[in-house]
Amino acid sequence: MSDILYMKIDQNIEVDHIDVRLGDVAKLECTNAPVKNRLKTLKLLKVQAEKSNRYVFSVLKVVELIHEVYPDLEIQNLGESDFIIDYESPEYARDRWSFVKVVLLCITIFIGSAFSIMTFNNDVGVTQVFQQVYELLMGQPSDGFTILEITYSVGIAVGIIVFYNHFGGKRITKDPSPMEVQMRQYENDVNTTLVDGCNRKETNIDVD
């Protein structure tokens with residue numbers, strides 16, 4: 001009975017070195033430990049880029065490279081049929097401009113959110129409604145800083161914290177936040193588009 005290699009590869013793998021080996025992109029399991037250890041060092045490609053680049057790789061190409069070393073090895077693929085190798089150099093990843101971009105993006109989102117809340121309040125006339133409700137219940141004019149404004153402001157803050165499921169660096173519950181869900185859906189859509197585009201242009205790394 002020949003040995004069986006179980007292989008699992010995710011849809012997108014990030015690497016930071018130019019010599020990409022099978023152990024960098026795949027999880028391997030085989031009862032024959034020497035075979036597994038040898039295949040972990042199997043070279044898949046050499047990145048031809050200075051900063052960053054993407055390669056769409058077919059699992060059939062991986063099988064072909066494995067069979068060049070072990071022709072009789074049976075392979076069970078438990079992962080993706082096509083996957084993306086995303087290379088980013090360590091120097092580029094540590095670029096200070098990346099940190100500056102993140103800070104500017106956070107500031108922009110904060111200002112945009114605050115602006116949206118203020119314009120929404122003005123459009124629906126929240127201030128006027130609060131003044132009328134306060135005068136109706138309390139029998140005296142509102143000075144613009146009452147229990148209604150305070151609880152409304154606190155409610156917005158609590159709602160944002162609950163929605164994003166984070167307070168500072170801590171997660172409130174174990175469930176992913178709606179932002180995390182949308183980001184994962186966006187990543188999956190990007191990966192699928194890249195794979196489909198490379199398959200149509202025939203620029204993916206596949207068997208002949």
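The model is a predicted one. Its open sheet has the strand order β2-β8-β6, and the pairing is mixed. Helices α3 and α8 both pack on this sheet.

**The sheet**
- Strands β2 (12–15) and β6 form the edges, as each pairs on one side only.
- On average, neighbouring strands of the sheet are turned by 20° against each other, direction ignored.
- Strand β8 (residues 82–88) pairs with β2 in the parallel sense, over four bridges.
- Within this part of the sheet, Glu14 stands opposite Asp86 of β8.

**The packed helices**
- Helix α3 touches β6 and β8, and its direction makes about 75° with that of β6.
- Helix α8 (residues 178–201) touches β2, β6 and β8, and its direction makes about 105° with that of β8.
- The buried residues of α3 (residues 59–69) are Val59, Lys61, Val62, Val63, Leu65 and Ile66.
- An α-helix has 3.6 residues a turn, so residues three or four places apart point the same way.

**Ser58, beside the start of α3**
- Ser58 belongs to strand β6 (residues 52–58).
- At the start of α3, a side-chain oxygen of Ser58 comes to within 3.2 Å of the backbone nitrogen of Leu60.
- Ser58 has a relative accessible area of 3%; because buried means under 20%, Ser58 counts as buried.
- Leaving aside residues up to four places away in sequence, Ser58 touches Ser81, Asp82, Phe83, Ile205 and Asp206.

Notes: Residues numbered from 1 in each chain as written. Predicted model: local features only at pLDDT ≥ 70, side-chain atom pairs only at ≥ 80, totals over all residues. Heavy atoms only, no water. Buried < 20%, exposed > 50% of the residue type's maximum accessible area, 1.4 Å probe, protein only. Helix = DSSP H or I, 4+ residues; strand = E, 2+ residues; numbered from the N terminus. Polar contact = N/O pair within 3.5 Å; in protein donor to acceptor, adjacent residues only side chain to side chain. Contact = heavy atoms within 4.5 Å. Pairing = 2+ DSSP bridges. Axes fitted to C-alpha atoms, helices over the stretch in contact; angles between N-to-C directions.
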